[in-house]
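Open the model in your viewer and keep the selection tool at hand. We will go stop by stop.

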Amino acid sequence: MREAPILKADSLSRYFPVRNAFGIKTGAVRALDGVSFEVQPGETLGIVGESGCGKSTLGKALAGIHALSGGAIAFEGEEISRLSVRERRAAAPRLQYCHQDPGNSLDPRWTIRRSLEEPLVVHTRLKAAERVTRIRDLLRQVGLPQTHLDLYPHELSGGQQRRVGLARILALHPRLVVLDEPTSGLDMSVQATVLKLFSELREAFALTYLFISHDLSVVRMMCDRVAVMYLGRIVEIAPTEDLFRAPQHPYTQSLLAAIPDIGGRRVTDTFALEGEPPDPARLPSGCRFRTRCPRAVAVCAETDPALRPLLPNHAAACLLAG
Amino acid sequence: MSTAIDVLRKLLRDPAAAVGLLIILLLVLIAIFAPLLATHPEAIWDMNPRQRLLPPSDMYVFGTDRMGADIYSRILFGARITMVIASVAVGAALLIGVPIGLISGWTQNWLGEVLMRVSDIFLAVPQIVLAIAISQTLGPSIENVILALSVTYWPWFTRLVHAEVRSLKNETFIEAAIALGVPTWRIILLHVLPNVASPIIVRTSIGMGFTILTASALGFLGLGAPPPAPEWGRMIAESREFLPQAWWYALAPGLAIFLVVMGFNLLGDGLRDVLDPRIRRAGARR
Amino acid sequence: MPAPDDNLLDVENLRVSFGTERGVAKVLDGVNLTIRRGEIMGLVGESGCGKTTLARAILGILPSNAQHEAGSIRFGGEDLLKMPHHRVDDQIRGRRITFIPQDPFASFNPLFRIGSQAREVMKWKSPRRPENAGRGLFGFFSRYPRARRKADEADAVEMMRTVQIPRADEAFDKLPHEFSGGQRQRLMIALALMPQPDLVIADEPTTALDVTIQAQILKLLKRLVKERGVSVLFTTHDLGTAYEICDRITVMYAGQEVEMAPVGDFFQRPSHPYTVRLLESLPKPGRELREIGGEIPGLIDPPAGCRFHPRCTHATDICRMERPATTSVSAAHALRCYHPVGATVLP
């Protein structure tokens with residue numbers, strides 16, 4: 001009998017109206033278009049996709065930074081998407097959001113000490129001495145020296161800033177952390193260090209991760225399950241190795257075929273996906289991938305496939321799969 | 001903050017800004033110590049018909065005016081009036097304009113729009129015309145000048161703060177604070193305001209210069225303090241009928257106004273150069 | 001080692017430093033690089049390694065605070081650093097050596113149509129333009145004869161078709177924002193190949209693109225340059241991309257080149273400790289991730305000798321004192337290290 005999921009997303013949607021010169025609505029960009037999934041406590045769920053797929057919007061909607069146009073989010077069994085702002089704030093400590101560069105999430109005019117204390121000041125009633133103890137512990141756990149407390153962010157290196165940003169997120173002992181593109185733009189060697197840090201913190205704090213990334217090799221290494229998004233929908237979701245070894249959706253197959261494999265076949269010799277994603281304000285009828293899909297047939301233009309289970313624990317949104 | 005000392009040090013490296021700072025310091029000192037520095041402190045209010053319109057000499061450094069009062073001493077005491085008008089007017093504009101700018105910049109709804117349109121209305125009113133209207137109704141005085149100036153200057157602060165807050169709202173660290181659940185009032189006061197402080201400081205300095213110029217114009221038109229207050233603009237107005245023979249009569253106050261306005265402008269420019277790139281560098285990573 | 005005159009580009013012992021507020025940054029520390037005719041040379045390195053500076057030095061567009069302290073850049077036999085500036089501006093840059101920049105969203109002037117930007121390139125850099133054609137007064141009053149213009153425009157449209165821009169004849173009238181990132185990179189490739197250059201410098205051209213678009217662009221670029229026999233200097237921080245497209249790879253670390261090998265050799269027998277550790281730090285299923293430890297050094301006060309020594313497990317005293325000279329691991333595989341690694345790493 002499985003534990004109750006720590007996070008349950010149900011038909012999340014977020015629409016941006018597209019207006020013409022007169023301000024009249026001519027269409028909508030569906031950044032999120034009916035996204036549903038569950039996250040088990042302690043697991044790391046990867047969300048992958050290319051630009052415009054909606055993964056960043058999803059992360060920010062879960063964290064409460066963006067509002068939803070529709071759908072419901074249940075965190076630890078409690079419905080949080082319809083809360084008022086103040087109530088949502090009370091839930092924030094256990095569901096945290098980590099920006100792509102956590103170092104940038106620090107106010108440049110505040111000392112590290114002040115930045116680390118802020119979540120504690122806002123959400124807890126700890127006394128000053130207790131706060132300091134907590135902060136010192138955090139610094140130790142992310143591997144930073146205590147002397148950094150009285151420095152400003154610009155006096156630290158990029159890597160150190162990142163650790164401080166992470167420490168701040170962990171100050172409230174969250175249960176679930178949304179990681180938004182944590183390795184984007186990093187050098188290869190720095191990426192390894194950052195991934196190790198995330199793994200260590202996951203152990204130390206018993207965290208559940210929602211790992212949003214466009215880098216599939218990183219996701220393969222860090223995640224238990226992976227969801228692939230395309231133009232606002234989840235098109236496939238499966239345990240990591242199942243997804244990589246036997247992808248069911250044609251988009252997932254193309255995505256995997258596009259990744260360079262050092263020592264293996266050359267993508268430039270084998271890759272076959274043509275064209276670009278369609279204009280998100282004017283999606284094609286039926287399946288949104290059909291304009292580029294190598295296996296599209298007539299029925300794909302008529303029905304918009306829903307995510308259906310093909311194998312145990314493995315679902316895909318394709319009429320032809322399975 | 002330790003950064004205030006850094007700012008000062010960098011400022012002094014720029015010769016123009018250092019000059020500006022020096023002038024302002026002198027102005028403040030003169031305003032405070034006018035009674036000690038003036039050669040004829042008691043004479044500024046008196047009428048001395050036999051001494052009138054004397055050219056500059058050992059006894060009267062800038063000569064005397066039509067009442068026979070020492071112009072040099074009047075200039076020194078006039079510095080007080082100038083400082084009071086400028087500080088209070090700009091201070092009031094700050095206190096009105098900045099909070100309105102913070103609110104309108106942060107809220108995305110109708111309130112922000114309304115506040116901006118209100119500030120536009122005040123911006124459209126010409127300062128001098130409003131000052132004349134106020135003086136006609138309430139009588140000429142320093143208080144009315146200050147009223148007219150602050151009422152027409154606050155929108156400059158509002159626009160500045162509004163634009164800065166709008167752009168700051170998209171910064172990662174503000175978004176992170178929201179995600180952490182920090183209450184809005186705390187974000188605005190402790191995160192947004194310190195980060196818009198620099199442009200506000202620059203605008204304040206330049207605003208002081210601008211206000212002094214306008215106040216002098218109002219004084220020239222007779223709308224400021226009534227005589228015999230040693231207001232610089234009024235002194236220039238008085239000198240008109242005695243030009244070009246009594247050239248010293250207009251030169252002294254004119255030079256005073258010129259130096260003070262230039263001082264504030266130089267300081268403001270210097271501050272802008274020092275504060276802006278520092279923000280960029282402090283915010284830049286890797 | 002190939003004979004020197006087989007090399008199209010020969011950078012020898014290039015030393016460049018930048019004057020900054022905090023001191024002198026020694027950005028390139030005696031770098032050697034060769035590119036043969038018709039080959040794609042990958043320049044791989046992490047931040048601060050100097051690959052962008054090297055690319056700029058070859059193009060002659062180093063910033064004003066850059067000091068060229070030593071070394072030469074020989075292109076087709078002549079030293080570019082000793083060439084008069086106007087010759088470099090007129091005949092080399094944009095004509096015999098062209099450039100594909102990294103950010104497709106910032107590389108076009110947003111106010112001008114693609115057609116006029118392409119025409120601008122062809123007016124000055126078309127292969128049909130005679131070498132001694134003057135520039136007129138500050139670039140005005142120079143002639144663009146109608147016959148040449150028509151021929152150039154036809155070539156441009158043909159090139160648009162070759163890079164698979166949909167509706168190529170209409171593309172001329174469109175503004176840059178009407179194209180996606182991938183399409184803009186295709187346009188940049190077209191503009192880079194229209195002057196029929198000998199060498200194209202591609203500065204991380206696919207970093208800003210999605211992986212499926214990246215695959216398309218790499219495929220296109222590789223095919224076009226091989227067809228035309230054009231050499232490419234392809235800088236990247238992603239080893240996977242280097243594996244895809246490059247014939248040879250040079251690795252740089254903190255302003256020093258450390259290893260140069262043909263692509264097969266490079267990935268099967270990496271010999272420099274940095275290269276080995278770098279390959280080990282890539283995520284690969286079934287293999288544990290190994291960090292390198294330490295951080296990339298600053299360039300204002302860099303470590304002496306081999307700049308990798310503070311982080312290298314094989315470092316000895318001589319590594320800390322003097323930078324190793326170039327040695328050969330095999331015929332085409334060169335190295336700068338006193339303690340090469342013998343192990344085979346992947347796949």
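What covers the buried residues of α6(A)? Before you look, two notes. This is a predicted model: local features need pLDDT of at least 70, side-chain atom pairs count only at pLDDT 80 or more, and totals for chains, interfaces and linings use all residues. Residues are numbered from 1 along each chain as its sequence is written, while chains are lettered from A and ligands numbered from 1 in the order in which they are written.

**Stop 1: the helix**

Select residues 188–205 of chain A. This is helix α6, with 18 residues. Helices (H or I, at least four residues) and strands (E, at least two) are DSSP runs, numbered from the N terminus. From first C-alpha to last, α6(A) reaches 26 Å, close to the 26 Å expected at 1.5 Å a residue. That expected span is 1.5 Å times one less than the number of residues.

Now colour its buried residues. Among them are M188(A), V190(A), L195(A), F198(A) and L201(A). A residue is buried if 20 or more other C-beta atoms lie within 10 Å of its own, exposed if 12 or fewer, and partly exposed in between; C-beta atoms are placed from the backbone.

Here is the cover. It includes α5 (158–170) and α7 (216–222) of chain A.

Step just past the helix. A206(A) takes a positive phi of about 50° there.

**Stop 2: a loop**

Go to A246(A), in the loop between α8 (240–245) and α9 (250–257) of chain A. A246(A) is partly exposed because 13 other C-beta atoms lie within 10 Å.

**Stop 3: where two chains meet**

Show chains A and C together. In contact are 33 residues of chain C and 30 residues of chain A. Contact means that the C-beta atoms of two residues, placed from the backbone, lie within 7 Å. On the chain C side, α7(C) brings the largest share, eight residues.

**Stop 4: two domains**

Stay on chain C. Colour domain 1 (4–252) and domain 2 (254–335). Such bounds come from an automatic or database domain assignment. The domain centres, taken over C-alpha atoms, are 28 Å apart. Where they touch, 25 residues of domain 1 are in contact with 22 of domain 2. On the domain 1 side, β2(C) gives the most, with 10 residues.
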